[in-house]
Amino acid sequence: MKKRPEEFATIKLKKGDIHVLIVGGGQGGLAILNIFKRCQDLIYIDRIVDLDSNAPAIEAARAYNIPTSTSTESSIAEFDGDIIIDVTGHTSVSAIIQKWKKRPNIEVISGNSARLLFDIVCHYYKDRGTIQAQNFRLDLLDSMLDISLKLESHNHASDILQHAIHGIHSSLLARKSLAFILNEDECQSFGILDTSIPEKMPPEFASELQHRFQDFDQRDTQHQHFELLKPAITVPLINHQFEVAMPLFNENTLIAVLLMQLDGNISKDEKKLLTVAATHLRLTLKALAGHQRLEAEAIHDVLTNSYNRRYFDSRLEQEVARIKRLPDGQLSCMFFDLDHFKPINDLHGHQIGDKVLQAVVDKIQHALRNYDTLARFGGDEFVALLPFDEGAPKGIPEKIGQRILKSIQSIRITEAPSVNITVSIGLATLNAEQLIDGMRLVQLADEALYKAKKQGRNCVHALSIEED
């Protein structure tokens, strides 16, 4: 059925609708083959013919699994497709084509028409490729901008990398992409795949990645941003292979690996995009590490690495508000003061005094739970918050204090073995109803500390709820 003229511009061809026979395997045939391979969604190349079995287009066709032949006459005679493209320029070939055209609707393109066709299609795909490359760059820039905005909100490296793998995947039109975050023996995984992705990979795979890329950052770092893997990496549990890797380092430590699988050979533009993405990610992760370091320094005591007074005040306010919402909640506060610390400094020097403070903090930290908060209050005074969401079992805060006392008594400083270290501990505990404000709890613990000192030091004085 004939189509109306106004419908011509909207004709949709299905894959393989146009069948083509290319006659001539020289540079002209190779050029037509390379162009038509980009149109494989429309064009099906039935065969390439040339008398020379080693002609450039013949060898390329073999690589693409396209049938080839050295018999011009039999190939034309057997062809029952749509278009014969003759790039030989030989009149004898034209005569054979006319002789064996089986159907009147087989088109023949040869001579200047073939050269014109090549030029038109080549320019079209060059323009389309340029536009596509620019779109890829814009997509990647958008993705990099989003990653930078993630950095502003002080996210973890995993948040940034999850965002990055999706952006790079879509920008490069990757078939599949995975990202792995390495943390000691753990290997967290996520990405874009047509099968489910386990949250964690086996430790052996983390070791394999460490070994594979252990010297990556020591190579030509000015130009090396990604690696084309030979052999490809096979990821366990999902059994997929990946041929492109982007290792990411924090200083000399491998912290993450991005793996991708692209279609076909990687183009020059794709290599540029990978380089841009890798460079931006490295700078982003370096900036994130800087942010995290500054944040840690802002809330930690430089000498002992315990929290500082500013962080403690903030944490106290949060814990009080939280405990007040719990009907059985209780909050304990411990005040620590080193006994006779000034003589230690005066007799042995501040360097030994610093070692004493560090050792005391280490012992207290080990005795506390991971959700308790220890801070340096000033000088040789420390304070700790111990929340109990369902009420403190009878005597537990005191037992923790006694355990800390014994642990600190066991401290020995190698450079000053004669130094004996003890602390006085004041303890106060309030329930949700009694917690008017956090400073009241701290004051009660301070009062309890004063009583511990009056009792002879090296002891725990617990101020009970009833005393308050």
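Buried residues make up 43% of the 468 residues in the protein chain. The model is a predicted one, and its chain holds 13 helices and 15 strands.

Student: Why is Phe 180 called buried?

Tutor: The term buried applies under 20% relative accessible area. Phe 180 has a relative accessibility of 0%, and therefore counts as buried.

Student: What makes Phe 180 and Phe 205 an edge-to-face pair?

Tutor: Two values decide the matter. Ring centres must lie within 6.5 Å for a pair, and planes over 60 degrees apart count as edge-to-face. The rings of Phe 180 and Phe 205 are 5.1 Å apart, centre to centre, with 70° between the planes. Because both values meet these cut-offs, the pair is edge-to-face.

Student: Why is the pair of Tyr 307 and Tyr 311 called stacked?

Tutor: Planes under 30 degrees apart count as stacked. The planes of Tyr 307 and Tyr 311 are at 20° and their ring centres are 4.0 Å apart, so this pair is stacked.

Student: How do you know that Tyr 307 is partly exposed?

Tutor: Buried requires a value under 20% and exposed a value over 50%, with partly exposed in between. Tyr 307, at 25%, therefore counts as partly exposed. Tyr 311, at 22%, counts as partly exposed as well. The structure holds four aromatic pairs. An aromatic cluster is formed by Phe 312, Phe 335 and Phe 377.

Student: How do you know that the buried residues of helix H2 line one face of the helix?

Tutor: The buried residues of H2 (residues 56–63) are Ala 57, Ile 58, Ala 60 and Ala 61. Viewed down the helix axis, these residues fall within an arc of 165°, so they line one face of H2. The partners of the buried residues of H2 are helix H1 (27–37), strand E2 (43–49) and strand E3 (68–69). Just after H2, Asn 65 adopts a positive phi of about 60°.

Student: What describes the packing of helices H11 and H12?

Tutor: Helix H11 (residues 350–367) and helix H12 (residues 396–409) pack at an angle of about 145°, and their axes are 9 Å apart. H11 passes H12 in a right-handed crossing. On the H11 side, the contact is made by Val 360, Lys 363, Ile 364 and Ala 367; on the H12 side, by Ile 400, Arg 403, Ile 404, Ser 407 and Ile 408. These residues divide into six nonpolar, one polar and two charged.

Student: Why is Ile 421 called buried?

Tutor: Ile 421 has a relative accessibility of 3%, which is under 20%, and therefore counts as buried. Its place is in the loop between H12 and strand E14 (423–431). Beyond its neighbours within four places in sequence, Ile 421 is in contact with Val 356, Val 360, Ile 408, Gln 409, Ile 411 and Ile 413.

Student: Why are Asn 305 and His 340 called exposed?

Tutor: Exposed means over 50%. Asn 305 has a relative accessible area of 55% and is therefore exposed. His 340, with 53%, is exposed too. Asn 305 is placed in the loop between helix H8 (268–299) and helix H9 (309–324), whereas His 340 is found in the loop between strand E11 (330–338) and helix H10 (341–348).

Conventions. Residues numbered from 1 in each chain as written. Predicted model: local features only at pLDDT ≥ 70, side-chain atom pairs only at ≥ 80, totals over all residues. Heavy atoms only, no water. Axes fitted to C-alpha atoms, helices over the stretch in contact; angles between N-to-C directions. Helix = DSSP H or I, 4+ residues; strand = E, 2+ residues; numbered from the N terminus. Left-handed = near helix turned anticlockwise from the far one by under 90°. Contact = heavy atoms within 4.5 Å. Nonpolar A, V, L, I, M, F, W, Y, C, P; charged D, E, K, R; others polar. Buried < 20%, exposed > 50% of the residue type's maximum accessible area, 1.4 Å probe, protein only. Arc of directions from axis to C-beta. Phe/Tyr/Trp six-rings, centres within 6.5 Å; stacked < 30°, edge-to-face > 60°.
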